[in-house]
Amino acid sequence: MSSETVNIPFVRLAKRESMDPRKVWAIRIGSIVIAILLGMLPMFITGNNPFKAYQIIISGALGKPIYIKQTIKIAIPLLGCALAIAPCFKMRFWNIGAEGQITAGAIAASYFALNWYDKVPSFVLLAIMFIAATIAGGIWGLIPAFFKAKWNTNETLFTLMMNYIIIGIVSWLQGGPWEGRKGSQIIPMFNDSARLPVVFGIHCGWIIVLVLVILMHIYMNYTKHGYEIAVIGDSENTARYAGMNVGRIMMRTMFLSGGICGIIGFIVVTGANHTLYNGVANGVGFTSITVAWLSQLNAFAMILISIMLAILTKGSNTLQTKLKVPASISDIVIGILLFCMLSCEFFINYKLIFRPRKTEIKEASV
Amino acid sequence: MVTDDYAIEMLGITKTFPGIIANDNITLRVKTNEIHALLGENGAGKSTLMSVLFGAYSADSGIIKIHGQAVQIKDPNVATELGIGMVHQHFKLVHNYTVTENIVLGKEPRRSLFARTVNDQKINPKKGNFSIVSLGSAEKKVKSLSDRYGLSVDPKAKIEDITVGMQQRVEILKTLYSDSDIIIFDEPTAVLTPQEIDELMQIILRLKKEGKTIILITHKLKEIKKVADRCSVLRRGKYIGTVNVQDESEEDLATMMVGRPVSFEIEKQKANLGRKMLEVNDLCVNDSLGAEKVKNCSFYVQSGEILGIAGIDGNGQSELLQALSGLTTPESGEILLDGKLINKMSIRERIEDGLGYIPEDRQKYGLVSGMTIAENCVLKDFYGNKYSGKLGTLNFSHMKSNSDALIEQFDIRSGQGSETLAGSLSGGNQQKVIVAREISLSPAVLLVAQPTRGLDVGAIEYIRKRIVEERDKGRAILLISFELDEIMNLCDRIATISKGTIVGTFKAGEVSANEIGLMMAGVKARKEEADEKKA
């Protein structure tokens with residue numbers, strides 16, 4: 001081939017054949033190191049000592065028992081929601097509507113908290129709220145799945161749009177029918193009987209999500225439903241060929257996923273906020289996608305990843321107050337850290353090939 | 001002329017994958033300007049060896065010499081630089097681009113926006129990023145190459161408008177365009193019609209005449225006998241030997257490849273016919289775009305017989321199969337399974353009523369590549385009591401013993417037994433998994449589509465035998481194949497399909513391959529129309 005027409009790119013990508021597991025871990029650890037180094041940059045630029053900043057993040061998240069409790073409180077919804085979306089993602093059904101499903105569950109739970117608190121005993125009320133939240137979240141998840149099954153609508157857009165609808169509904173409730181003091185735009189705080197009991201200093205939501213971890217692990221790996229989900233995720237055509245009712249399985253899985261999100265909504269309103277407002281989901285539905293991806297849909301790995309993210313979130317809050325750095329700077333740091341960790345999976349699956357030097361090509365072609 | 005110089009020497013090549021030694025100390029010597037066949041069953045290591053030569057894989061050990069010089073082939077670009085070109089089994093073409101655009105892809109002749117052309121010599125041909133692609137000269141070159149090798153390819157035609165055979169020629173032109181003098185053909189005839197195969201053989205001989213060295217990867221012995229000079233045989237990753245093709249019979253080559261004598265003719269007893277298990281009346285099926293692909297199609301299959309449907313690819317076979325299996329709903333007509341109308345039944349109900357289906361596209365339909373053999377073997381009956389554990393869980397040990405038995409019974413060769421991922425199996429073994437699963441469900445009616453496409457002689461023999469066994473057990477079998485040999489060999493009755501309609505049904509032996517070929521091409525049907533017009 002004449003050399004003037006050859007145009008080898010400087011760097012290109014190739015899929016890796018297979019990889020030594022030790023090397024995989026080396027890449028993962030390496031990416032965390034790079035993440036930490038890159039995360040120092042914004043600190044430097046704003047004139048802060050990056051080592052001190054990291055120290056504040058860690059001590060701010062884990063330094064005192066109360067900090068640890070707060071960190072775990074942040075981790076609970078992240079973990080629960082990551083568990084919820086795992087089966088959808090396994091099925092390659094891109095549910096990015098967890099935010100809305102959490103909110104739907106929170107609304108249903110709040111309805112009973114606000115109206116039934118004096119009608120039934122506390123544990124009955126909580127049970128009713130739990131069930132109502134599960135069903136509401138489930139239905140909110142079922143709607144996009146129904147449309148996908150019937151008319152093959154795009155689930156990514158559909159679930160995303162559903163978020164805005166339900167958040168709008170909460171805003172309306174806040175300013176309208178459920179408004180506490182007129183003009184306050186705030187829904188009143190829940191009665192004590194509609195609050196989750198505290199176990200070891202933290203609301204018992206942590207027990208619920210840990211039980212969910214085990215149940216979800218079993219569901220995904222050992223049940224017939226989990227098998228069907230895996231087949232659809234790998235090849236929808238094969239699933240249909242094998243006689244699976246793909247639409248029905250999608251609806252069932254989305255009902256389940258939305259239902260778990262609803263439970264998270266219940267936990268957040270009864271355990272943490274004790275009221276309902278339009279920011280109840282607080283971005284958890286999106287951040288949990290990161291948790292699910294980083295843990296590669298492994299339920300147990302999600303525990304670690306969600307705690308890690310909670311540490312970053314809590315720690316950077318402390319950073320804002322202690323070093324007086326703007327909130328946006330700590331968001332940038334978290335963004336950099338997540339970006340590095342997510343992209344390391346890319347380097348595990350692909351390798352970069354750099355353009356060989358001219359001399360090498362010549363030697364080879366002699 | 002064939003000389004005694006070696007164009008390619010691959011010495012002691014070893015390449016391992018987890019659980020499998022794909023190439024075990026293999027030596028391949030290809031003389032300059034010969035046609036060298038590389039023969040072996042699926043999974044024998046042919047593709048791996050060629051991927052090593054083409055730079056897609058790097059060998060664990062071994063030396064590669066090109067024209068006597070030791071070389072390191074790190075990636076396909078180096079292979080191209082060395083004059084090695086490959087015609088892949090699955091074409092790598094951009095469908096909405098023209099022939100020329102595809103051929104120059106990645107090495108587009110460029111002209112700077114600001115450069116002048118003086119006497120056809122470009123000044124500053126690679127000036128910066130502001131160059132534009134100029135195809136004029138490339139088109140001329142493609143045309144002249146096409147003429148020189150008798151390929152008759154139109155450089156300006158779009159890929160999507162030309163036939164599969166033509167697309168393959170574009171792949172050949174790609175290698176010629178980059179001045180390759182060694183051309184590797186990977187299973188080139190798998191996708192071609194009989195006529196196209198003949199033409200390809202002529203092209204390969206022409207390439208040899210023009211001084212090219214050819215490596216032909218195949219397991220079709222007829223083709224080797226037709227064109228190849230020498231043949232190297234691989235079996236289960238090991239090098240068996242190299243022979244002069246002229247000195248060996250097809251049977252000898254088959255024996256070398258499989259390691260035991262192989263029978264080409266399948267011994268069949270007389271069909272023991274029972275009642276009509278599958279009946280299709282006036283069936284019409286549209287494809288996803290609404291075009292009518294199956295028109296008033298009628299036939300039946302009795303238990304204990306194999307009905308073959310012969311036809312050229314794209315004459316409604318796929319749509320017919322999809323309607324029978326339940327993947328699509330027919331527009332009109334009836335499908336009767338043992339006398340029961342199943343038009344509107346779900347796929348699962350059909351399976352439970354005894355409809356088995358070995359699909360034509362095993363990667364797209366038959367298998368879940370990311371799952372193990374054990375999981376793939378229960379794809380259609382995992383929900384039943386047989387594999388139930390407590391509380392809706394699956395009983396993995398029953399699944400494993402089920403697939404262990406099938407692996408044993410169907411001679412499925414895998415790296416890690418039941419735990420092997422289906423996607424890592426060779427094509428023949430993937431097909432065996434599907435056949436094993438379908439047969440293990442003991443269906444009353446078995447739809448079989450292209451059961452041996454892309455498989456090697458050993459696997460073909462095996463799978464055909466199993467199909468005949470099922471017939472002898474009293475199953476009704478519908479075989480759809482594009483390979484006339486297969487139809488003629490296996491079937492008790494043969495129906496020919498053309499443009500979605502059955503144009504004739506015959507008992508095997510009553511009709512010659514030639515006649516069926518004409519009917520498949522629609523020639524006979526057209527003649528009848530003409531007769532009608534006259535009348």
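1. How many of the 28 residues of α10(A) are buried? The model is a predicted one, and in it 22 of the 28 residues of α10(A) are buried, which leaves this helix mostly covered.

2. The helix α10 of chain A runs over residues 246-273, and the distance from its first C-alpha to its last is 38 Å, close to the 40 Å expected at 1.5 Å a residue. After α10(A) comes His274(A), a residue with a positive phi, near 60°.

3. Turning to chain B, the count is 18 helices and 24 strands. The radius of gyration of chain B is 26 Å, close to the 24 Å given by the globule rule for 535 residues, so the chain is as compact as a globular protein of that length. The C-alpha trace of chain B spans about 80 × 65 × 55 Å along its principal axes.

4. Of the 535 residues in chain B, 45% are buried. When contacts in chain B between residues at least 6 apart in sequence are considered, 68% of them join residues at least 24 apart.

5. In chain B, helix α14 (residues 427-440) packs with helix α15 (residues 457-472) at an angle of about 10°, their axes being 11 Å apart. An angle under 35 degrees counts as roughly parallel, and α14(B) and α15(B) are therefore roughly parallel to each other. On the α14(B) side the contact is made by Gly428(B), Gln431(B), Lys432(B), Val435(B) and Ile439(B), while α15(B) contributes Ala459(B), Ile463(B), Arg466(B) and Glu470(B). Sorted by class, this contact of α14(B) with α15(B) has 4 nonpolar, 2 polar and 3 charged residues.

Definitions and conventions. Residues numbered from 1 in each chain as written. Chains lettered and ligands numbered in written order. Predicted model: local features only at pLDDT ≥ 70, side-chain atom pairs only at ≥ 80, totals over all residues. Axes fitted to C-alpha atoms, helices over the stretch in contact; angles between N-to-C directions. Helix = DSSP H or I, 4+ residues; strand = E, 2+ residues; numbered from the N terminus. Parallel < 35°, antiparallel > 145°, perpendicular 65-115°, else oblique. Contact = placed C-beta atoms within 7 Å. Nonpolar A, V, L, I, M, F, W, Y, C, P; charged D, E, K, R; others polar. Rg over C-alpha atoms; globule rule 2.2 N^0.38 Å. Buried ≥ 20, exposed ≤ 12 C-beta atoms within 10 Å, placed from the backbone. Expected span 1.5 Å × (residues − 1).
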